Amino acid sequence: QVQGDYAGARGRVRLLDQMVNREVMVQAARDQGLQNDPETAKQLREFESNVLTQAYQNKLVANLPQPSEADIRAYYDAHPDEFTIQARANASWILCKTRREAEAARRRVTTGGESFSDVARAVSIHEETAPDGGLLGYFNPTGYVRGIGNQPDFSARAFALEPNGTSEVFAWEAGTWGFIRLHEKNEARAEPFERAQERIAARLKPSLTDSLYQAEVTRLRDRYKAQVLVDLDRELEGKGADEMMKLATETANPMDKIEYYRALLRKYPQYERAAEAQFMIGFLFSEELHNAEAARTEYDKVLQSYPNSEVAESARYMLQNLSSQEL
């Protein structure tokens with residue numbers, strides 16, 4: 001979208017000026033050793049990491065089987081509604097205060113040979129289209145019509161005409177009368193496969209799904225012997241039950257909250273708010289992570305371990321709600 005700014009000889013000179021200005025400043029920065037500045041070096045490493053990560057992911061996707069022409073054709077054939085070009089009409093109209101005025105205007109353009117647009121400018125009372133000779137522009141049978149809105153009956157009158165045809169006068173809103181001149185009409189038709197092919201290929205192109213990502217990082221962690229050495233329970237050593245409950249409540253990430261609640265239950269199974277912590281694990285799975293299967297397991301633990309707690313009834317309600325959603 002910026003190519004126009006650099007079109008022609010003068011544009012190319014502007015582009016080269018910008019490129020040269022940037023390059024000499026980069027060279028000056030290197031001469032001064034700015035790439036070794038700790039903060040700058042950190043930003044360069046982060047930028048390199050981001051670029052290489054994206055490049056690796058792109059290569060991972062590129063190595064997946066790409067959609068064949070047969071796949072693209074099969075999708076095209078299976079989704080005819082998606083590749084239908086809607087019917088379209090181009091029309092004008094004239095609106096008058098009375099039926100007599102509308103019929104007189106119609107005779108001027110049908111038998112008098114006057115220009116429809118000239119008559120519209122002279123007599124039409126439709127403020128939005130009259131200055132443009134009554135032009136409504138293009139519209140489809142169920143779509144918006146300029147100055148008219150979504151009026152299927154109005155559109156049907158236009159589509160009932162043949163190109164260059166003029167409708168009879170008809171009653172319109174607030175006691176007014178009008179008539180339509182159809183300029184052009186295209187019937188609904190299938191979009192050619194050749195025109196849709198590239199768009200379908202982009203839709204069917206494989207993407208980096210979560211399952212593919214997880215499988216690849218698992219393989220890479222094993223290859224490079226990568227381990228996470230942080231032990232959550234060790235990190236929480238010395239923290240009381242109320243402090244751990246506060247951590248779980250105030251943490252923003254749902255999975256982090258779940259881990260805190262689970263650590264709390266492991267360390268303080270008799271805590272007075274243990275039932276609430278167990279309920280919150282189920283709630284996070286159902287309402288934040290939308291994992292109904294995991295939520296059901298956690299709500300069941302509330303009923304099994306804390307059947308007489310204040311949250312037991314809430315757990316039953318959430319289980320029933322999960323069942324109704326699945327139905």
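**Entry 1: α10 and α11**

I looked up the handedness of the α10 and α11 crossing; it is left-handed. The model I am reading is predicted. Helix α10 covers residues 241–250 and helix α11 residues 254–267. I read an angle of about 165° for the pair, with the axes 8 Å apart. That makes α10 roughly antiparallel to α11, because angles over 145 degrees count as such.

Which residues make the contact? From α10 I noted A241, M244, M245, L247, A248, T249 and E250. From α11 I noted K257, Y260, Y261, A263, L264 and K267. By class, this contact has nine nonpolar residues, one polar and three charged.

**Entry 2: α12 and α13**

Next I took helix α12 (residues 274–288) and helix α13 (residues 292–305). Their packing angle is about 165°, and their axes are 8 Å apart. The two are therefore roughly antiparallel to each other. I checked the handedness here too: α12 passes α13 in a left-handed crossing.

On the α12 side I listed A275, Q278, F279, I281, G282, F283, F285 and S286. On the α13 side the contact uses A294, A295, E298, Y299, K301 and V302. I sorted the contact of α12 with α13 into nine nonpolar, three polar and two charged residues.

**Entry 3: α3 and α7**

How are α3 and α7 oriented to each other? Helix α3 spans residues 69–78, and helix α7 spans residues 193–204. I find an angle of about 105° and axes 9 Å apart. That makes α3 roughly perpendicular to α7.

α3 brings E69, D71, I72, R73, Y75 and Y76 to the contact. α7 brings F193, A196, Q197, I200, A201, R203 and L204. The classes are eight nonpolar, one polar and four charged.

**Entry 4: the sheet**

I traced an open sheet of four strands, in the order β3-β2-β5-β4. The pairing is antiparallel. Which strands stand at the edges? They are β3 (135–139) and β4 (170–171). Each has a single partner strand, so one side of each is left without a neighbour in the sheet.

I then went through the pairs. Strand β2 (residues 88–96) is joined to β3 by four bridges. In that pair, N90 stands opposite Y138 of β3. Nine bridges join β2 to β5. There I found W93 with I180 of β5 as its bridge partner. β4 and β5 pair over two bridges. F170 has G178 in β5 as its bridge partner.

I also looked at the hairpin of β4 and β5, which has five residues between the strands. A174 takes a positive phi near 55° there.

**Entry 5: helices on the sheet**

I checked what helix α4 (residues 99–110) lies across: β2 and β5 (177–186). α4 runs at about 40° to β5. Helix α6 (residues 152–159) packs on the sheet as well. α6 touches β2, β3, β4 and β5. Its direction makes about 60° with that of β5.

**Entry 6: the whole chain**

Last, I looked up the totals. The protein chain comes to 14 helices and six strands. How does its radius of gyration stand against the globule rule? The radius is 35 Å, well over the 20 Å that the rule gives for 327 residues, so the chain is more spread out than a compact globule. I also noted the span of the C-alpha trace along its principal axes: about 100 × 70 × 45 Å.

Note on methods: Residues numbered from 1 in each chain as written. Predicted model: local features only at pLDDT ≥ 70, side-chain atom pairs only at ≥ 80, totals over all residues. Heavy atoms only, no water. Axes fitted to C-alpha atoms, helices over the stretch in contact; angles between N-to-C directions. Parallel < 35°, antiparallel > 145°, perpendicular 65-115°, else oblique. Left-handed = near helix turned anticlockwise from the far one by under 90°. Contact = heavy atoms within 4.5 Å. Nonpolar A, V, L, I, M, F, W, Y, C, P; charged D, E, K, R; others polar. Pairing = 2+ DSSP bridges. Rg over C-alpha atoms; globule rule 2.2 N^0.38 Å.
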